[in-house]
Amino acid sequence: MDDNTTIDPSCMDRPPLAIDIILKLDIFGIVLYTVLTFMAAVSMLVYLEECVYIYKKVSSSKKSVIIWVNGAAPIIGTMSCLGMWIPRATMFTDMTSACYFAIVVFKFLILMLEEVGGDEAFLQRAGKHKLRISTGPCCCCCCCLPHVEITRRSLFLLKLGSFQFAVLKIAFTILSIVLYTNGNFDIADVKITGASIWIGPFVGILTIIALWPVAIMFMHLRTTLRSIKIIPKYAMYQLVLILTQLQSAIINILAMQGTIACVPPFSSPARGYYMSQQLLILEMFIITLVTRLLYRRQYDPLPVKDHDDNENTKMVTLQENA
């Protein structure tokens, strides 16, 4: 039987131009775009105000890392807003957000160290303890892994594990853009001969490796830093990771499979990216406000405890078996 059903050409086309979206906006679309753009703008203004506060109130050793970590949600929200207005730039805005968050992963590790007074203070406080490395996302099920002595070398390896992601993520992003301009990179191309099918999983492995040292350090310092709300801070950091990586990946996979319907002028993949950007703007706006409350505090150094104090009340300790 002949199928006379016609498919709108826009369902097979590239994402629309910004002017095409603006011209086709109805009342609901105008209100939605206005509200989401307002949220992104407020997020950035809140972040800038927080930067001024941190610059004036925080010691020089912590200024940089706190500003970097605070900027995750507002930067991602702003990039998502640009991607919403200019759909053809979505790949570049997503890459910018991913590169920024790769740096935030490393900076959050440094932040925890700075909150206990820096590398030297950390080694003095934790020198007689051990690190439990059987934690997520790599080895949460490997309880048989040995406990690791806290030394300068182990601390360096933890830093290196997160730092490699910040460097290599930017390097692979630049490579992807170069290949894209030459017609060799397409996010939707999942063929074995496509560049994205090789770059994507490799970056995913680098991400897991980078998250592991941060999780190890958090598990060790979560009791020590409880007074400065490190647990909700870590939760916000994890939430940004889940929303920007897992949520976006699920939506984009559903879009490429056609589960998310084509609605002219958006094809299914373009509409998936479009929906993802809108969700991220709202979510990052909320996270920005929560993060501001968590980091808006008096930055006093942690009290130095006497050596006779029970360290088990301040750190997650792991004693060797007799």
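Residues are termed buried under 20% relative accessible area, exposed over 50%, and partly exposed in between (1.4 Å probe, protein chains only). The model is predicted, with local features requiring pLDDT of at least 70 and side-chain atom pairs pLDDT 80 or more, while totals for chains, interfaces and linings use all residues. Residues are numbered from 1 along each chain as its sequence is written, and side-chain values use heavy atoms, without hydrogens or water.

**View A. The ring pair of phenylalanine 92 and tyrosine 180.** Twelve aromatic pairs are present in the structure, a pair being two rings of Phe, Tyr or Trp (its six-membered ring) with centres within 6.5 Å, stacked if the planes are under 30 degrees apart, edge-to-face if over 60 and tilted otherwise. The centres of phenylalanine 92 and tyrosine 180 lie 5.5 Å apart with planes at 85°, so this pair is edge-to-face. Because phenylalanine 92 belongs to helix α5 (residues 90–115) and tyrosine 180 to helix α7, the contact ties together parts 88 residues apart in sequence; helices are DSSP runs of H or I with at least four residues, numbered from the N terminus. Tyrosine 180 is partly exposed at 33% relative accessibility, and phenylalanine 92 is partly exposed at 29%.

**View B. An aromatic cluster.** Phe101, Phe108, Phe218, Tyr234 and Tyr237 are linked into a cluster by ring pairs.

**View C. Charges over tyrosine rings.** A charge counts as over a ring when NZ of Lys or CZ of Arg is within 6 Å of the ring centre and within 35 degrees of the ring normal. Lysine 63 lies 4.2 Å from the ring centre of tyrosine 55, over its face. Arginine 296 places its charged end over the ring of tyrosine 53, at 3.8 Å from the centre.

Note on methods
Helix = DSSP H or I, 4+ residues; strand = E, 2+ residues; numbered from the N terminus.
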